[in-house]
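Here is a briefing on one structure, written for a reader who is new to such models. Please look at the sequence and the 3D view first.

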Amino acid sequence: MRILFLGDIVGRPGRQAVTDRLPGLRERWRLDCVVINGENAAGGFGITESICDEILQAGADAVTLGNHSFDQREALVFIARQPRLIRPANYPPGTPGRGATVIETARGARVLVVNVMGRIYLDPLDDPFAAADRELEACPLGAAADAVIVDMHAEATSEKQAMGHFLDGRATLVVGTHTHVPTADHRVLPGGTAYLSDAGMCGDYDSVLGMQKEEPVRRFLQKTPGSRLEAATGPGTLCGIAVETDDSTGLANKVWAVRLGPHLDESWPREWD
Ligand SMILES: [Fe+2]
Ligand SMILES: [Fe+2]
């Protein structure tokens, strides 16, 4: 199976990069499954129903979220009727939406997608390790799922690496999101789980984390109220990870960094071209 995971879509540049390039990549690389984090898709803050539909139509099978899940209040309502949109599983009981979903690929494989959120420098939710454990036990790799993708939305690389090792051998891919900066540690862990500390963002990298850079820079220089943060408007870069799985085990055979766009050193699975 060929899996593509892309990091946080930030505003219009991120959405544009996804809608322009994903349909072609899906075909060219014969992708079985595409998952994208969409927590910043609406102007940098949250996601709307029409934007979620746009991302799914461009070729995503599932969209994950994070600490910005409900910045657009409409997400509190439409998440209930959109099974392909998931928010962190470790939100308190009673939070709208779900923390995991199973999608079926065109070739009939079942892919469990789980979203959890770390607790270091973020809102302290329930234990993400226990939540991931519960979701994977309910739908184990090799039994109920042919692949398992876990989006660990977190700030601290230590917490993300710990999640990778905790789930090693039980998930196909554990990938970090949230920092909007891609890390270079993509690899297959000893137990067969593909791992990357952070996927980076799909957005305009001529920015501060996808937002127009002037106001964030000003905020570091002057501690006075200023203007609102606005998403950057330049051309977007796609960022994430590509994974090839072993069909018999559902574990990862090989991983590649994906960076396609104007600002970063480009990378992609050349063997798939
Ligand atoms: Fe984000
Ligand atoms: Fe985030």
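Donors are N, O and S atoms within 2.8 Å of the metal (3.2 Å for Na, K and Ca), and water is not among the atoms, so sites may look incomplete. The model is predicted: local features need pLDDT of at least 70 and side-chain atom pairs pLDDT 80 or more, while totals for chains, interfaces and linings use all residues. Residues are numbered from 1 along each chain as written, chains are lettered from A and ligands numbered from 1 in the order written, and side-chain values use heavy atoms, without hydrogens and water.

**Iron site**
- Glutamate 39 bridges the iron ion (ligand 1) and the iron ion (ligand 2), which are 3.4 Å apart.

**Helix packing**
- Helix α4 (residues 128-138) packs against helix α5 (residues 157-166) at about 30°, with the axes 11 Å apart. Helices are DSSP runs (H or I, at least four residues), numbered from the N terminus. Axes are lines fitted to C-alpha atoms over the stretch in contact, with angles from 0 to 180 degrees between N-to-C directions.
- Pro128, Phe129, Ala132 and Asp133 of α4 make the contact with Glu159, Ala162, Met163 and Phe166 of α5; contact means heavy atoms within 4.5 Å.
- α4 and α5 are therefore roughly parallel (angles under 35 degrees).

Methods: Helix = DSSP H or I, 4+ residues; strand = E, 2+ residues; numbered from the N terminus. Parallel < 35°, antiparallel > 145°, perpendicular 65-115°, else oblique.
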